[in-house]
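Please keep the sequence and the three-dimensional view at hand while reading.

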Amino acid sequence: MRSFLFISLFVIPRLPTARTISIECSRVQRNSSCFIEGVSFQSPSEEYSAVFPASSHIIIESSEILHFSAHLFDALAETAFLTLKSSLIPSVTFRSDELHSLRIDNTGLREFTVTPHENRNLNTLIISGNPLSSIPPSIRHLTGLSILDLSNNQLAHVNLNWFQTMANLLVLDLSANRITRIDIHPTLRFARLKNFWVNHNQLEHMEFFPDFAPALRRVRLVENFWTCEWVAQVRRSIWSSVIQVYGAESVCADKVDGGLCCYNDRPVSVVNRQTEHEPVTVGGPLRHRVEHLPRAERLIARTDNVEEQQTNNQLRQSYNVLEQKYRKAVEEMELLEIRFVNTVRELELTVKRLTAELTEAQDVIRSQNLKVYL
């Protein structure tokens with residue numbers, strides 16, 4: 001009887017093993033980019049069991065992931081470039097020591113957080129075309145960023161002091177939001193920032209501009225509600241710092257000062273601007289885009305004079321040319337990313353080949369030495 005009890009006490013029940021969910025590529029391009037479509041997680045346990053394919057560039061689209069959690073980033077063991085686009089992904093918690101680039105485009109993103117650990121590997125973060133209304137202080141943990149693009153969202157307030165840990169920041173794009181205030185500490189300095197876009201917002205002034213970016217070379221300021229006092233104040237600083245101001249406004253409700261519309265009083269048209277960045281549903285609930293109607297175009301639409309109409313047509317043509325150049329630049333950037341991935345892949349293959357040849361040579365030397373000893 002005693003022996004039976006002894007055995008029964010040490011019987012351990014067998015626990016069921018977690019089922020692995022392997023996610024496959026829907027298609028693979030020539031540059032080895034892996035496209036994944038139609039992904040949907042029904043429970044958090046499925047996120048823990050997910051296994052992504054071994055690909056350096058993964059693009060997830062037409063999917064429904066209510067929370068792209070830190071565990072899903074952990075499952076991207078060999079991925080350097082991740083794109084989430086044209087999907088329903090309202091929440092993202094970033095955690096990765098492998099990713100170099102993260103792009104979140106038209107996913108209905110409303111909440112973005114970063115786990116509280118310093119990350120020096122992520123170089124590029126692009127969050128665009130989403131109803132994102134605020135940036136969390138935890139973004140300061142992304143200390144390796146050189147490109148931060150937060151354009152075409154619904155941001156109302158940005159605290160640049162949260163970005164002060166990003167010593168390598170070269171490009172900061174805050175355009176096409178609803179920003180009414182940008183907080184900048186008097187001692188804040190971005191030593192390497194060269195491109196700063198804040199066009200198409202609702203700003204009246206911006207303190208300590210451009211002093212916070214001593215290396216600034218290119219800036220976009222159009223389509224805001226700048227006060228004439230602020231414009232006159234910063235114009236001399238822009239000239240003395242040799243900063244190129246891209247874009248100019250020629251049709252204004254009040255007056256033009258150095259290519260920028262400025263106002264002595266906040267214009268009544270601000271009421272209309274509140275709805276310009278509302279998301280418009282396209283192709284079902286999983287696809288969102290943001291449309292803009294600049295103030296200049298609204299004013300142009302009201303002109304009846306023939307000469308003014310001709311000028312307006314020229315402005316539209318110039319706008320179309322600039323838009324084509326922008327799209328071409330985006331395509332060239334994507335090609336450069338692809339070439340970079342291919343170069344890294346070729347270097348990895350070369351290292352593997354040289355390692356194999358070195359191992360083979362060492363084996364030959366060992367065998368020759370063994371013969372000599374014998």
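## A covered strand and its partners

Strand E7, which spans residues 81-85, is mostly covered, since four of its five residues are buried; here a strand is a DSSP run of at least two residues labelled E, a helix is a run of at least four labelled H or I, and both are numbered from the N terminus. Buried means under 20% relative accessible area, exposed means over 50%, and partly exposed lies in between, computed with a 1.4 Å probe on protein chains only. The model is a predicted one, in which local features need pLDDT of at least 70 and side-chain atom pairs count only at pLDDT 80 or more, while totals for chains, interfaces and linings use all residues. Residues are numbered from 1 along each chain as its sequence is written, and side-chain values rest on heavy atoms, with hydrogens and water left out.

Strand E7 pairs with E5 in the parallel sense over five bridges, where pairing requires that DSSP finds at least two bridges between two strands. Within this pairing, Ile59 stands opposite Thr83 in E7. Strand E7 is also joined by five bridges to strand E9, residues 101-105, and these two strands run parallel as well; in E9, Leu102 is the bridge partner of Leu82.

## The sheet as a whole

These strands belong to an open sheet of eleven strands with mixed pairing, whose order is E2-E3-E5-E7-E9-E11-E12-E14-E16-E17-E18. At its edges stand strand E2 (27-28) and strand E18 (244-246), each of which has a single partner strand, so one side of each is left without a neighbour in the sheet.

Further along the order, strand E12 (residues 147-149) and strand E14 (residues 171-173) run parallel and are joined by three bridges. There, Asp149 has Asp173 in E14 as its bridge partner. In a regular strand the side chains alternate between the two faces of the sheet.

## Salt bridges

The structure holds seven salt bridges, each defined as a side-chain nitrogen of Lys or Arg within 4 Å of a carboxyl oxygen of Asp or Glu. One of them links Arg27 with Glu37, the closest N and O atoms being 2.7 Å apart. This pair connects distant parts of the chain, with Arg27 in strand E2 and Glu37 in strand E3 (residues 34-37), ten residues apart. Arg27 is partly exposed, with a relative accessible area of 38%, and Glu37 counts as partly exposed too, at 37%.

Arg27 also forms a salt bridge with Glu61, where the closest N and O atoms are 3.4 Å apart. Because Glu61 lies in strand E5 (residues 57-61) and Arg27 in strand E2, the pair ties together parts that are 34 residues apart in sequence. Glu61 counts as buried, at 10% relative accessibility. Another salt bridge is formed by Arg103 and Asp105, with the closest N and O atoms 3.9 Å apart; Arg103 is partly exposed at 23%, whereas Asp105 is buried at 18%. Salt bridges that share partners join Arg27, Glu37, Glu61 and Lys85 into one network.

## Disulfides

How many disulfides does a search of the whole structure find? The search finds three, a disulfide being a pair of cysteine sulfur atoms within 2.5 Å. When the bonded cysteines are counted along the chain, the disulfides follow the pattern 1-2, 3-6, 4-5. Cys25 is partly exposed, with a relative accessible area of 28%, whereas Cys34 counts as buried at 1%.

Cys228 and Cys262 form another disulfide, with their sulfur atoms 2.2 Å apart, and their link is right-handed, with 85° about the S-S bond. The pair links distant parts of the chain, as Cys228 sits in helix H4 (residues 228-240) and Cys262 in strand E20 (residues 260-262), 34 residues apart. Cys228 is buried, with a relative accessible area of 9%, and Cys262 counts as buried at 0%. A disulfide is also formed by Cys252 and Cys261, whose sulfur atoms are 1.7 Å apart; the link is left-handed, with -80° about the S-S bond, and both Cys252 and Cys261 are buried.
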